[in-house]
Amino acid sequence: PSEAEELSRQLLIIKECWDPTSPHYQFRHYFYNVAEPGQAHLYQCPAGQDPTLWQQAQSDNPDPQTLVPVLANGFDDLRKRVDSQSLQMQSYQARTEEVSDKLCGILQKHHSGTTVRLSECRRRQAELSQRLLEFMKQLQLLRLRGQLLHPEEEVFRVRVEHLEKEMSRSGALKQRLAELQDHTYRLQANARRRRELLGLSSGGGDGYEVADEVQLETVMKMLNEKQRGLSHMTQVISQDAQALDAIEGAIEEQYIDVQKQREIRERAQAAKSLGRPW
């Protein structure tokens, strides 16, 4: 009888190890779920679970501020958890593809629109800079008309004459000089038209004369307005360039993250097809 009782007790222990309703059930394990921010401390041991095992799971919690232990009993609960994670992974993959499509759209918009606009702004800035330089040159001519040359200007004049002599010795340079002279004539014609619009008299030849101080003040006001416009344009272009650099940096970082997620997904699919964990 003692041997039969011992055998019966051992068989009962084995049965309880396989019985999901028994406290001695061996096929159970605590996993961890992510709780709402600031809500993890509100979770308590559910009814029907061993408080000792629950406290042990809490002690082993890698992040008590965010994670809460969840008991899985047997293969059915394990299968449910695997299916839930698979659904969540599919949701993440769909979201990743959506983000990738948006990034592609942003890149296309950047290359088709923003880059073209930036190039146009740079071209416009260069054009306005040239126009401002031309105005400043004409204004300087008006201010210094009739005055003697400074010593450094005299040195510069001598160097210019020397260069002219050197250029006169070469046919190609002469041709280039002729082209530059034609261009100078066109600039002078444009300058005469501008003088007429500004109400300035030519005073004979291609020289410049100021009729009175009022007209000179008018020219200065126009130049100041042009200068303010160029300063504003330069500031806008600089801000746009900084914004574009920030956008390009963010796009590159998001693109790298998408590529990493895609590599992880491909590795997971490859491992799944081989039937082994990755």
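**Exercise 1. State how much accessible surface the protein has, and what share of that surface belongs to carbon and sulfur atoms.**

Solution. The accessible surface of the protein amounts to about 21500 Å², and 56% of it belongs to carbon and sulfur atoms. Accessible areas come from the Shrake-Rupley method with a 1.4 Å probe, and for residues only the protein chains shown count as cover. The model is a predicted one, in which local features need pLDDT of at least 70 and side-chain atom pairs count only at pLDDT 80 or more, while totals for chains, interfaces and linings use all residues. Residues are numbered from 1 along each chain as its sequence is written, and side-chain values use heavy atoms, with hydrogens and water left out.

**Exercise 2. Describe the order of helices and strands, and find what percentage of the residues is buried.**

Solution. Begin with the elements: the protein has 6 helices and 2 strands, where helices (H or I, at least four residues) and strands (E, at least two) are DSSP runs numbered from the N terminus. Along the sequence they follow the pattern α-β-α-β-α-α-α-α. Next comes burial, for which buried means under 20% relative accessible area, exposed means over 50%, and partly exposed lies in between (1.4 Å probe, protein chains only). Of the 278 residues in the protein, 15% are buried.

**Exercise 3. Work out where Arg9 and Glu6 lie, and how they are joined.**

Solution. The whole structure holds 8 salt bridges, a salt bridge being a side-chain nitrogen of Lys or Arg within 4 Å of a carboxyl oxygen of Asp or Glu. One of them joins Arg9 to Glu6, with the closest N and O atoms 2.6 Å apart. Both residues lie in helix α1 (residues 2-18), and their spacing of 3 residues is about one turn of the helix. Arg9 counts as partly exposed because its relative accessibility is 42%, and Glu6 is likewise partly exposed, at 33%.

**Exercise 4. Identify the residues of the nonpolar surface patch, and decide which element gives the largest share of it.**

Solution. Patches are made of residues with over 30% relative accessible area and no salt bridge, like charges being joined within 9 Å and nonpolar side chains (Val, Leu, Ile, Met, Phe, Trp, Tyr) within 5 Å. The nonpolar patch consists of Leu7, Leu11, Ile14, Trp18, Phe27, Phe75, Leu78 and Val82, which together have about 810 Å² of accessible area. The elements giving two or more residues to this patch are α1 and α3. The largest share, 4 residues, comes from α1, the helix in which Leu11 has its place.
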